Amino acid sequence: ADESWTSAVSLRIYAEDPVLKLPQPGVIREVSAKRSWKLPKSEAFLVMPYGQGDPVQAKSDGLVAQLCVGAQDRKQALANAAAVLSEIWIAGGLQLNDHYLAEIVRHPWVQAGMVHSGFLEEEFIPEVRPSGDRMVLMASLANFTLNTVHNQDKVAPLGARWAVGDQWVRPSGQPLAWVRPPEFFEYRGMKGVSGVLAAPATTPGAVQSADPTAVEGIRVCLFPLAHGRWRVRLGGWTLSVRLVHPKSGAKVRSLYSLVSGRVHAVLFREGTVVPAHEPAIVVESLQRLVAHSFPADVRVTAWKVRAEDEVEAGQILADMENFS
């Protein structure tokens, strides 16, 4: 550490969805190599024990990295922390709280030192999703991957949409503009893609290619969680994207795991009617218990897992049918 620092900030990067307060461990497929930054009258370094290909285990505490920034004053330390966070790239089957941290350090109350113990719960309103065009781009990336893998123009059934986070989105239908050809990869028999999409220089999250003649772009990674379901990182945003099939009239549906981890308990037997919003199964992940429930009264027709089973995010936990 530089002894000339008069102010410093330390930020912990966890594998979690900070808005929904859900643990989100997974495999790290891509990670930027840079670990230290020399800035004007400031310095930053990233302590990270993980590397490319390493899994953040559901049995761990979820701490992926710690960013430390020192500067001449508090405002400069916070500004440089936000700038460094925008350079850190960690993508794969996990989700991180880095975008959330960047919002906090950029908040005018935080920069002015006007914070208190209840600031996050009472005053801070985080962004819950990116802009609409970014969500369309995420859906277009997933659609592009399916089309390319299956060598068809239209893989999704007629009328199908994509669920991007908590929103239903249709792909744009326009071809994607890549800075360079995308890289396809495979994980457990499923396909993913990563690369840099062409984007204006003013695009939030844009990165400059190492090639000075290349246009600026926005980095992306589409990591498969299950068939028809991906974890998509687009710039600083990470969301789950899945294919939504049109209604077929069938009453049988499925319950999917929100997190990767170990089944702690199954609370109802097959054939039982489970009331809406009543915890039906609990999954343990990153030392937290995540209860899963149904949005309406349903009958569980088949449990696909049992206590002590290891599950992945997006895995089917149970089949169910409407109860009426």
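This is a predicted model: local features need pLDDT of at least 70, side-chain atom pairs count only at pLDDT 80 or more; totals for chains, interfaces and linings use all residues.

Biologist: Okay, which residues have the most contacts inside the largest nonpolar core?

Modeller: That core has 36 residues, and those with the most contacts inside it are Ile28, Met48, Val64, Leu67 and Ile88. At least two residues of the core are supplied by each of the strands β1 (7-14), β4 (28-31), β6 (42-47) and β7 (63-71), and likewise by each of the helices α1 (74-87) and α2 (98-106).

Biologist: And which element gives the largest share?

Modeller: The largest share comes from α1, which contributes 6 residues to this core.

Biologist: Let's zoom in on Val64: what is it in contact with, leaving aside its neighbours within four places in sequence?

Modeller: With those neighbours left aside, the contacts of Val64 include Ile13, Tyr14, Ala15 and Ile28, and also Val47, Met48, Pro49 and Tyr50. Val56, Ile90, Leu94 and Leu96 are in contact with Val64 as well.

Biologist: What lies apart from that core?

Modeller: Another core lies apart from it, with 23 residues, among them Met138, Trp162, Val164 and Val220.

Biologist: Switching topic, how many disulfides does the structure hold?

Modeller: The structure holds 0 disulfides. For background, a disulfide is a covalent bond between the sulfur atoms of two cysteines.

Biologist: Is Cys68 buried or exposed, and what about Cys221?

Modeller: Cys68 counts as buried because its relative accessibility is 17%, and buried means under 20%. Cys221 also counts as buried, with a relative accessibility of 1%.

Biologist: Now the charged residues: how many salt bridges are there?

Modeller: The structure holds 14 salt bridges. One of them joins Lys34 and Glu87, whose closest N and O atoms are 3.9 Å apart.

Biologist: What does that pair tie together?

Modeller: Lys34 lies in the loop between β4 and β5 (36-39), whereas Glu87 lies in helix α1, so the pair ties together parts that are 53 residues apart in sequence. Lys34 counts as partly exposed at 43% relative accessibility, and Glu87 is partly exposed too, with a relative accessible area of 44%.

Biologist: Where do Arg299 and Glu321 lie?

Modeller: Arg299 is in strand β22 (residues 298-303) and Glu321 is in strand β24 (residues 316-322), so this pair ties together parts that are 22 residues apart in sequence. Their salt bridge has its closest N and O atoms 3.6 Å apart. Arg299 counts as partly exposed at 27% relative accessibility, and Glu321 counts as partly exposed at 26%.

Biologist: Last topic, the open sheet of 4 strands: what is its order?

Modeller: The order is β21-β20-β18-β23, and the pairing is antiparallel. In general, strands of a sheet pair through backbone hydrogen bonds, either parallel or antiparallel.

Biologist: Which strands stand at the edges?

Modeller: The edges are β21 (288-292) and β23 (310-311), and each has a single partner strand, so one side of each is left without a neighbour in the sheet.

Biologist: And how many bridges join β18 to β20?

Modeller: Strand β18 (residues 261-266) and strand β20 (residues 281-285) run antiparallel and are joined by 4 bridges.

Definitions and conventions:
Residues are numbered from 1 along each chain as its sequence is written. Side-chain values use heavy atoms; hydrogens and water are left out. A nonpolar core is a set of buried Ala, Val, Leu, Ile, Met, Phe, Trp, Tyr and Cys residues joined through side-chain atoms within 4.5 Å. Buried means under 20% relative accessible area, exposed over 50%, partly exposed in between (1.4 Å probe, protein chains only). Contact means heavy atoms within 4.5 Å. A disulfide is a pair of cysteine sulfur atoms within 2.5 Å. A salt bridge is a side-chain nitrogen of Lys or Arg within 4 Å of a carboxyl oxygen of Asp or Glu. Two strands pair if DSSP finds at least two bridges between them.
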